[in-house]
Amino acid sequence: SETFFRLATSDDPDTDSSLAASQCCTAICTLLDALRETDSPQLFTSIETALVPLLHLCLSKDPSGDYPYTEFIEDVLEVMTRLTYYSPEISELLWTLYQPLATCLTEWALDYVSEFQMSFMNYISRASAAFVSVPQRPETMFRVCQRVLEHSNSLDSDVVDICLLAQTMLLHCQAAVEPYITGFVAIVIHRLQRYPPT
């Protein structure tokens, strides 16, 4: 992770530091793919401890209020998807990335709905009890769905991905998300009326 940040923040015009930083994330994904084949869940705990600060920083604003690592969002989401899927369980440490992930999507990353969706699906389907144990988590996910469905530039494929996300919430956490069903249906109807499928 230190190598990634050194490259991602490099101003050296003689090096393709952005590409090298992206390749760091690719190497991390390859490592996670390899670890999936091992019977050593404790290794994931060690890797999470090293990676979560990196991911948190990439998903957060800097002191000026900007997101300085937007060009690496696809790489970050590749790592996030693997961590939330391969880890033996969704740890509390991984849950610290949930809100920053949602905030990124709703504030500036609506072009990457499908990439975000995979991590969110993993949170909900693999850790449904933890998902509903904190009321803000289902509420946040409803706001994510609302943001995508109400956005005029959302593609039909984005709408499909978000509806699948809502379906996952209903299947795994029905009682906890019942308060949002009426609102979600209303948003979907409004979407269909205002932006008919193309």
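User: Hi! Is Ala 130 buried or exposed?
Analyst: Ala 130 counts as buried, because its relative accessibility is 18% (buried means under 20% relative accessible area, exposed over 50%, and partly exposed in between, with a 1.4 Å probe and protein chains only). Keep in mind that this is a predicted model, where local features need pLDDT of at least 70, side-chain atom pairs count only at pLDDT 80 or more, and totals for chains, interfaces and linings use all residues. Residues are numbered from 1 along each chain as its sequence is written, and side-chain values use heavy atoms, with hydrogens and water left out.

User: Thanks! Where is the place of Ala 130?
Analyst: Ala 130 is in helix H8, residues 128-133. Helices here are DSSP runs (H or I, at least four residues), numbered from the N terminus, while strands (E) need at least two residues.

User: And what is Ala 130 in contact with, leaving aside neighbours within four places in sequence?
Analyst: Trp 95 and Arg 137 are in contact with Ala 130 once those neighbours are set aside. Contact means heavy atoms within 4.5 Å. As for Thr 182, 52 residues from Ala 130 along the chain, the two C-alpha atoms are separated by 23 Å.

User: Switching to Gln 99: which helix is that in?
Analyst: Gln 99 sits in helix H6, which covers residues 98-107. At 39% relative accessibility, Gln 99 is partly exposed. Gln 99 is 37 residues from Gln 136 in sequence, and their C-alpha atoms are 9.3 Å apart in space.

User: How do H6 and H9 pack?
Analyst: Two packed helices are described by the angle between their axes and the distance between the axes. For H6 and H9 the angle is about 15° and the axes are 10 Å apart. That makes H6 roughly parallel to H9. The axes are lines fitted to C-alpha atoms, for helices over the stretch in contact, and angles run from 0 to 180 degrees between N-to-C directions. Angles under 35 degrees count as roughly parallel, over 145 as roughly antiparallel, 65 to 115 as roughly perpendicular, and the rest as oblique.

User: Which residues meet there?
Analyst: From H6 there are Tyr 98, Gln 99, Ala 102, Leu 105 and Thr 106, and they meet Arg 137, Thr 140, Met 141, Arg 143, Val 144 and Arg 147 of H9. The residues of this contact divide into 5 nonpolar, 3 polar and 3 charged.

User: What about H9 and H11, at what angle do they cross?
Analyst: Helix H9 (residues 136-150) and H11 cross at roughly 5°, and their axes come within 10 Å. H9 and H11 are therefore roughly parallel to each other. Residues of H9 in this contact include Phe 142, Cys 145 and Leu 149, and those of H11 include Tyr 180, Phe 184 and Ile 187. The contact of H9 with H11 has 10 nonpolar, 2 polar and 3 charged residues.

User: And how far apart are the axes of H10 and H11?
Analyst: The axes of H10 (residues 156-172) and H11 (residues 174-194) are 9 Å apart, with an angle of about 155°. H10 and H11 are therefore roughly antiparallel to each other. Among the residues making the contact are Val 159, Cys 163 and Ala 166 of H10, and Val 177, Ile 181 and Phe 184 of H11. That contact divides into 8 nonpolar, 2 polar and 1 charged.

User: You mentioned a cysteine. How many disulfides are there?
Analyst: The count comes to 0 disulfides, taking a disulfide as a pair of cysteine sulfur atoms within 2.5 Å. Cys 163 is in no disulfide, and the nearest cysteine sulfur, in Cys 145, is 7.8 Å away. Cys 163 is partly exposed, with a relative accessible area of 28%.

User: Last one: where does Ser 154 lie?
Analyst: Ser 154 is in the loop between H9 and H10. Ser 154 counts as buried at 8% relative accessibility. Not counting residues up to four places away in sequence, Ser 154 touches Val 148 and Arg 191.

Terms used. Nonpolar A, V, L, I, M, F, W, Y, C, P; charged D, E, K, R; others polar.
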